[in-house]
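Subject: A structure for you to look at

Hi there,

Here is the structure I promised to pass on. Please open it beside this email and follow along as you read.

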Amino acid sequence: MHLLLIEDDPTMQTTLQRTLRRRGMEVTPITDGGAALPAWRKLAPDVVVLDLSLPTMDGLEIIAKARSEGLGTPTLILTARGTVGDRILGLNSGADDYLAKPFDLDELEARIRALVRRAQPQAGETSAPAAPPGMALRYDKASESFYWQGSLFELTPREVAFLRVLSQSMGQAVTKERLFSAVFAGESDVQLEAVEVVAYRLRKKLAPTSMQLMTLRGLGYLLKPGTPDVA
């Protein structure tokens with residue numbers, strides 16, 4: 001699960017990052033309201049958690065603009081503005097849930113997971129997604145699996161996490177650090193170099209496909225799409 005955290009308080013941001021990463025979530029933090037929408041568009045997260053009182057752009061304005069652009073990502077407002085009027089305003093602006101500070105971390109996690117569950121197709125509602133021309137690798141959220149040209153792509157959970165981050169930034173470099181936080185969340189005894197092992201194994205599995213996993217020295221890794229072979 002990839003979470004976009006839009007929070008300008010450094011203590012709150014650090015606490016949430018550490019807690020949610022320990023609980024298996026990849027967290028991308030944003031501290032400035034003006035940077036929120038560009039990050040939202042680029043990362044296509046599974047869920048967004050945002051404060052309302054932010055520099056440059058208020059949280060209500062962010063979510064209103066996101067919805068007007070068609071960004072339907074499940075969104076939870078996390079704020080000190082806890083009156084009934086504030087909650088109604090936040091929900092009417094396009095938020096899916098609202099949690100006032102102070103809050104319980106277990107409740108926050110439960111609400112986040114509930115939002116993501118509700119956004120996923122129910123069992124039997126969809127089959128493996130069809131692949132558009134030139135992009136035969138597709139991720140199915142319901143099964144947390146990748147499909148290559150409509151067939152299940154056999155990957156380990158770490159390889160799935162690695163590939164998912166890369167596919168969300170198709171054609172753009174992704175740092176080792178970001179990949180590490182997604183693949184080895186909460187594993188304090190694992191070194192950063194472990195990312196290279198996952199990349200090596202994944203590259204071998206991608207070899208029969210048209211996808212290219214490239215290593216960019218000093219920048220990280222990049223997934224490059226190709227046109228699939230037609231039988």
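First, a term you will need: a pocket here is an open set of grid points where a 1.4 Å probe fits, with protein on both sides within 12 Å along at least five of seven lines, and its lining residues have an atom within 4 Å of a point. Please keep in mind that this is a predicted model.

Let's begin with the second largest pocket. Its lining is made of 12 residues, and R138, Y139, F146, S167 and Q168 are the ones nearest the centre. Both β6 (137-140) and α6 give two or more residues to that lining. The pocket holds about 240 Å³ of space, and its lining splits into 6 nonpolar, 2 polar and 4 charged residues.

Now for the largest pocket, with about 530 Å³ of space. Of its 22 lining residues, M1, G24, Y139, E144 and R164 lie nearest the centre. At least two lining residues come from each of α5 (105-119), α6 (157-168) and α7 (176-183), and α6 gives the largest share, with 6 residues. By class, you will find 11 nonpolar, 3 polar and 8 charged residues in this lining.

Finally, have a look at a pair of helices. The axes of α2 (residues 36-43) and α3 (residues 59-68) come within 10 Å and cross at roughly 40°, so the two helices are oblique to each other. The crossing is right-handed. Where they touch, A36, L37 and W40 of α2 meet I62, K65, A66 and R67 of α3. That contact comprises 5 nonpolar and 2 charged residues, with no polar ones.

Enjoy exploring!

Conventions:
Residues are numbered from 1 along each chain as its sequence is written. This is a predicted model: local features need pLDDT of at least 70, side-chain atom pairs count only at pLDDT 80 or more; totals for chains, interfaces and linings use all residues. Side-chain values use heavy atoms; hydrogens and water are left out. Axes are lines fitted to C-alpha atoms, for helices over the stretch in contact, and angles run from 0 to 180 degrees between N-to-C directions. Helices (H or I, at least four residues) and strands (E, at least two) are DSSP runs, numbered from the N terminus. Angles under 35 degrees count as roughly parallel, over 145 as roughly antiparallel, 65 to 115 as roughly perpendicular and the rest as oblique. A crossing is left-handed if the near helix is turned anticlockwise from the far one by less than a right angle, and right-handed if clockwise. Contact means heavy atoms within 4.5 Å. Ala, Val, Leu, Ile, Met, Phe, Trp, Tyr, Cys and Pro count as nonpolar, Asp, Glu, Lys and Arg as charged, and the others, Gly among them, as polar. On a 1 Å grid over the protein atoms alone, a cavity is a set of points where a 1.4 Å probe fits but cannot get out, and a pocket is an open set with protein on both sides within 12 Å along at least five of seven lines; lining residues have an atom within 4 Å of a point. Grid points are joined across faces, edges and corners, and a volume is the space filled by probe spheres set on the points.
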